[in-house]
Amino acid sequence: MTDKTLPRHSGRCLRYALLSLAALTSTVGHAGEVEVLHYWTSGGEAKSLAELKGMMTNRGHSWKDFTVTGGGGQNAMAVLKQRVLGGSAPAAALIKGPTIQEWAELNVLTNLDAMAAFEKWDELLPKVIADQMKHKGRYVAVPVNVHRVNWLWANSAVLRKAGVTTLPSTYEEFFAAADKIKTAGYIAVAHGGQDWQDFTVFESVVLGVGGAGFYNSALVQLDKRALASETMRQSLDVFRRIKSYVDDKASGRDWNVATDMVIKGKAGFQFMGDWAKGEFLAAGQQPGVDFSCSAAPGTDKTYTFNVDSFAMFQLKAWEAQKAQGYLAYLLMGQDFQEKFNLRKGSIPARLHMDMEKFDACAKASSKDFVAASKAATLVPSVAHGMAVSTAAQGALRAVVSEFWNNDQTTVSDTMAKLVLATGTRPR
Ligand code: GAL
């Protein structure tokens, strides 16, 4: 069957069903172009995306990068808004968490329900992820992975030379190890001074000091008593103490440049999500040999998730819609979910995948994701847009980075600013 024989019906739902069928049966002769907005420009990110580009072009479709640099994606959303409001939306964009809802409210996203039903996505996704991909019960985005954020990465040789024999599981152990690394002449903590990176460290500290329940109260529910509590005070004290182990050239440094400092043995540790593992792998390094992954201190029984997903925008041209449909089909497919995540450092969003080819860090992440789901210690990353609105995320990030950057800013002032920045919330 070719697309030409498929009848064109006005009904939107039927149209998407036909689109899904067309996407799955489309032959090379009816190629379309997909333009995709993303910010995956580092070594590991680019290699993982290349897997997807190859699959699309092998099918005869063409791929157009709409790349906006700036890890964490804050620049990309501003540019995307201009394009969409100007009536020239890309086929898909790397949009995550509650931001999906903000775009869906504008009625600019494609309804993917026909594809989702055809491919049984509801059976293939953890509910917490499937729910994030839907607006008013309809699929409008496709998840490609699960990143764990609460990781501590370490250069094995640096720790060995510094006499650090075990990976720290508490902050007392962490600071003792960091002191040894500094004494040995290395930078103890590699960090990039950008607000999303500062918050990536901060949320892992809050999780490690206060636990999942406190994390959810303070950073997800934005409860004012939690934000002004003694536990928040302790968290801010630990967070500031980490700053003293970072080199003085960190301001503005990109996250992958900081990761490269650990890869090259200039620094001992980095607090970062497991997209950092994509950089170690791209540099030809092996976990357990050249580097190690361990839960950030105090967080080994918890899991901060960050799901990358592509929201699909409504398109006018039939060929473009078909290419978009095939993109959605590919993204949830087993082949892509394996090949992409092996390079990205994350684990598949799709359940029941064979994890045999994945390394020990990914296998631990997969096991811990399930355990944390069952223990209700699976928490959404605030730093990476899983938990609160874009506005609330921006307000929190600004207060925390002000505290990180300005040693004169007190803990008490910061707690008061956190409460003000998020407004008051009844418990
Ligand atoms: C995160 C994104 C990851 C990675 C990271 C650094 O927000 O989910 O896939 O790209 O930023 O850019």
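Colleague: Which residues come nearest to the ligand?
Modeller: This is a predicted model, where local features need pLDDT of at least 70, side-chain atom pairs count only at pLDDT 80 or more, and totals for chains, interfaces and linings use all residues. Residues are numbered from 1 along each chain as its sequence is written, and side-chain values use heavy atoms, with hydrogens and water left out. Around the ligand (a heavy atom within 4 Å) there are 14 residues, and those that come nearest are Glu-45, Lys-96, Asn-306, Asp-308 and Lys-344.

Colleague: How far is an oxygen atom of the ligand from an N or O atom in the side chain of Lys-96?
Modeller: Polar contacts here are pairs of N or O atoms within 3.5 Å. Trp-40 has a side-chain N or O atom 3.0 Å from a ligand oxygen, and His-384 has one at 3.0 Å. For Lys-96, the distance is 2.8 Å.

Colleague: How much of the accessible area of the ligand does the protein cover?
Modeller: The area is computed by the Shrake-Rupley method with a 1.4 Å probe. On its own the ligand has 300 Å², and the protein covers 100%.

Colleague: Where in the protein chain is confidence lowest?
Modeller: The pLDDT, the predictor's confidence in each residue from 0 to 100, has a mean of 92 over the protein chain, with 91% of residues at 70 or more. Residues 1–10 have pLDDT below 50. Where pLDDT is low, the predicted coordinates should not be read in detail. Among helices (DSSP runs of H or I, at least four residues) and strands (E, at least two), strand S10 is highest at 99, and the lowest mean, 57, is in helix H1.

Key. Polar contact = N/O pair within 3.5 Å; in protein donor to acceptor, adjacent residues only side chain to side chain. Contact = heavy atoms within 4.5 Å.
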